[in-house]
Amino acid sequence: MHKCTKSEDGIFPISFVGVAEEYLRHKAIKLEERMRSLEDALAILQVNTSTQPHPLLTKIWSNEEADSGSSVDTTPTMAESNSQGLIDALGTLHLDGDPESGTTRFFGPSGGSESLLLTGKRIIPETPTSLTETQEIEVDYLPPHISKLDHAFPFPPPGLPKEHMRETIESYLPDIRRAVSLCETFLKSLSWTFQIVSRQQIIDDLIPLIYRLGIKSSKQPRYGPHDLALLFSVLAVGALFDPALPPYNSEARHYQKLARAALCLQSIFSKRSIVTIKVLHLISMYYGMSGVESNAELCYSFLNLAGQVALQIGFHNDPSRWGFEGREAYERRSYFWSLFSQTLWQSLTIGRPPTIMPAVVDCKIPSEFDEATYRLGEIPITFGSWSSRFTAECLAPVVEATQAVKPPNYQTILELDRKIREFSVPVSPHSPHSDREPTEMRTFAQSRYREFTLMFLHRGFFAQAMGDFPSDPLRSPVGRSFMVAYQCACALIAVTIDTFELQPVLCSRMWRIWSHTFSSAVIVGTVAIRRLGIKLDPDPFDQLEKTCSLYRNAAQTCSRAKKALPILLRLYQKAVHARMDPLQHASHKPPSRSSGLEDEPDELEVFGGRTLLVTKLSKTVSWSPQHPIQLASSTATQNSSSNQRNDYQSHLINIPVIRDFALGEGAVGLPELDFFHPEMPGPSYSRSLCAPSLHGLQQGQQGDLMLDDKWSSFVYDASLPLGYSHLGPQAR
């Protein structure tokens, strides 16, 4: 047995000391890894049981005081977080041209996703060559006086023979069987979301009236121009959802033109009614699902206009105040709450104040008794009066909190979180005789309602936690928001994947699904590219990869998915680079931008609603000079200087322009990117677990991270513009 002895001067041999130091160093590394794992587990457990950080996680030992046993508290407290709320979260202002006369768009704090899509459009511009864009350049086949009405929409031109024009518009009505079929498609396809018109109103009352069934043609019609516009609007949206027709079809565009022309026969500013509101609401829906992304602002504007008309005719007051009762009172209440809910969801999506403020609403929620009485013979709706109560008690307070000029403190956010979770979701009965399509979509709506609301509630604080604590957001005093937003995002991605597999046609034609799911994708993507020092379940990289595949499939027929896909692929590119960078995991820094993307805006800061000015004239993105770029508050000081961005500096970010490619007809148009073809060979990438190079991967290294073939060529082409291969633009 070897016996360790001292030298003559009483000192151990140098070789022995070296071995001991090496042993202790390895032991310290293992203990530190174990400590971090225990801290992560404790933090995850704590956020599920309390809104306060665990006491053991609020103290950090300093190097000088570790031996003395004292500790330094460098973690911001909940009280500090409550006192300041979100920092510098005003949203993005997009300015095209001169500051005075240039086109301007604003997306508030909760509208980061839409702002990211608009910013991404400048990096990967759209091309007006796909089938969905032909409506802007197709030959005008309508008579000149009808085309004049359509082009003047929504302002009626003076001096036109309105009665003759109404008769001309009516001559373009389809035969009654086709009209009823499209109306049934409309009702079945939208019953799982909200109700604008009932079956009784459109099929039992309006169609017989307009088609004059049982009425002598010589009699004066008992309906107005806006009633005719309502029927054409229903036909247009019904044609968009008709599974027998291609997406964004010409029949839908035909009816939409006629609806706009009919609406112009009577001023919406001086002679309006509830029917006028419904027509404007349906036109807004059509613009959203038209397949032309430039119509998005028209979608927002016409829903706002519908809300303005509703206020101007007192629709926000309860109908009983004017003496309405029975079915009339029920239908007024039911539609008002559908309209109100849609304006609130739009407000959350784009970050702009709602047209109808919750404080002015006096309309009662329809009772369950009235619902059971007056919905006999109608297609069942998803929630009914439950959604109205949820809108009043949960959705409206969330909108008020997220759109306020002065953000609420964090305690308010947690109270709203608790209120939403305690608001139980009803389970609708499944009838064996019910149609499979609306049943599956109702299941989707039920499973996503609370998660969408919670995700919008926490998304700003999610971004702040990521910025304050880049290596471990759970240690932030708002770390609960990080976990809630991430969990909701993963749940929404999963349910969207399942629903798209069950109902690909209907799901791909509802653009709101892809807008909201894009927000979820950005959340998991920003987590994936930062390679946090905590383990999350499900894995963010896997979630991002699934989402990219989902959007790739949907983009074949959905313009909104097509628009979002390049941004998701850039996130995936960064996530792949973060995985392959051996220094990334050690430092927890945000991944460095890949070649050609140095000046691209940071997705987390745009998504989080940071104050940002985007100017197209100079092709720059500038941060507000009076506010810091860093999401972190001044109390978060434990991160090393290498992890900090240049705070309190105003700088410009040049956005490189990436050419698109020509698209043929018959599809929305999507670049046939190399990485979607597993049969095409590409280089393999791996990360060695031993002896990592400071300059990245070395040729021939092997490790536990091996990209699938379908993704490998994407990474290989990371520095090339999307839509390009090694040989140039992809051809169809």
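One cut-off before we start: a residue counts as buried here when its relative accessible area is under 20%. Cys-558, at 1% relative accessibility, is therefore buried. Bear in mind throughout that this is a predicted model.

**The whole chain**

Start zoomed out and colour by secondary structure. The chain has 732 residues, and 56% of them are buried. Its accessible surface comes to about 32,600 Å², with 55% of that belonging to carbon and sulfur atoms. Of the contacts with a separation of 6 or more, 75% are between residues 24 or more positions apart.

Now switch to colouring by pLDDT. The mean for the chain is 74, and 66% of the residues reach 70 or more. Select 78-84 next: pLDDT is below 50 over this stretch, which has 13 contacts in the model beyond near neighbours in sequence. Then select 618-732. Here too pLDDT stays under 50, and the model has 246 contacts for these residues beyond four places in sequence.

**The cysteines**

How far is the sulfur of Cys-558 from the closest cysteine sulfur? That closest sulfur is in Cys-507, and the gap is 8.4 Å, too far for a bond. A disulfide would need the two sulfur atoms within 2.5 Å. Cys-507 is buried as well, at 0% relative accessibility. The structure as a whole holds zero disulfides.

**Into helix H19**

Select residues 511-528, which make up helix H19, and pick out Thr-517 within them. Buried or exposed, would you say, for Thr-517? Its relative accessible area is 0%, so Thr-517 is buried. Show what surrounds it: setting aside neighbours within four places in sequence, Thr-517 is in contact with Phe-452, Ile-493, Thr-496 and Tyr-551.

Carry on past the helix to the loop between H19 and helix H20 (540-554), where you'll find Pro-538. Look at the backbone there: Asp-537 and Pro-538 are joined by a cis peptide bond, with omega at about 5°.

For another cis bond, jump to Phe-153 and Pro-154, where omega is again about 5°. Pro-154 sits in the loop between helix H4 (144-152) and helix H5 (162-170).

**Helices H8 and H9**

Next, show the aromatic side chains; the model has 23 aromatic pairs. Zoom in on Phe-232 and Tyr-255, whose ring centres are 6.3 Å apart with planes at 35°, so this pair is tilted. Phe-232 belongs to helix H8 (residues 225-241) and Tyr-255 to helix H9 (residues 250-263), so the pair ties together parts that are 23 residues apart in sequence. Both of these residues, Phe-232 and Tyr-255, are buried.

While you're here, click on Tyr-248 in the loop between H8 and H9. Tyr-248 isn't a glycine, yet its phi is positive, at about 55°. At 8% relative accessibility, Tyr-248 is buried too.

Then bring up Arg-332 and Phe-324. Arg-332 lies over the face of the Phe-324 ring, 3.9 Å from the ring centre.

Which ring does the charged end of Arg-459 sit over? It is the ring of Phe-607, with 4.1 Å to its centre.

Finish at Ser-191, in the loop between helix H6 (176-190) and helix H7 (199-210). Although Ser-191 is a loop residue, it counts as buried, at 5% relative accessibility. Ser-191 and Met-441 are 250 residues apart along the chain, while their C-alpha atoms are separated by 8.9 Å.

Conventions
Residues numbered from 1 in each chain as written. Predicted model: local features only at pLDDT ≥ 70, side-chain atom pairs only at ≥ 80, totals over all residues. Heavy atoms only, no water. Helix = DSSP H or I, 4+ residues; strand = E, 2+ residues; numbered from the N terminus. Buried < 20%, exposed > 50% of the residue type's maximum accessible area, 1.4 Å probe, protein only. Contact = heavy atoms within 4.5 Å. Phe/Tyr/Trp six-rings, centres within 6.5 Å; stacked < 30°, edge-to-face > 60°. Lys NZ or Arg CZ within 6 Å of the ring centre and 35° of its normal. pLDDT = per-residue confidence, 0-100. Areas by Shrake-Rupley, 256 points an atom, 1.4 Å probe, with all protein chains shown as cover.
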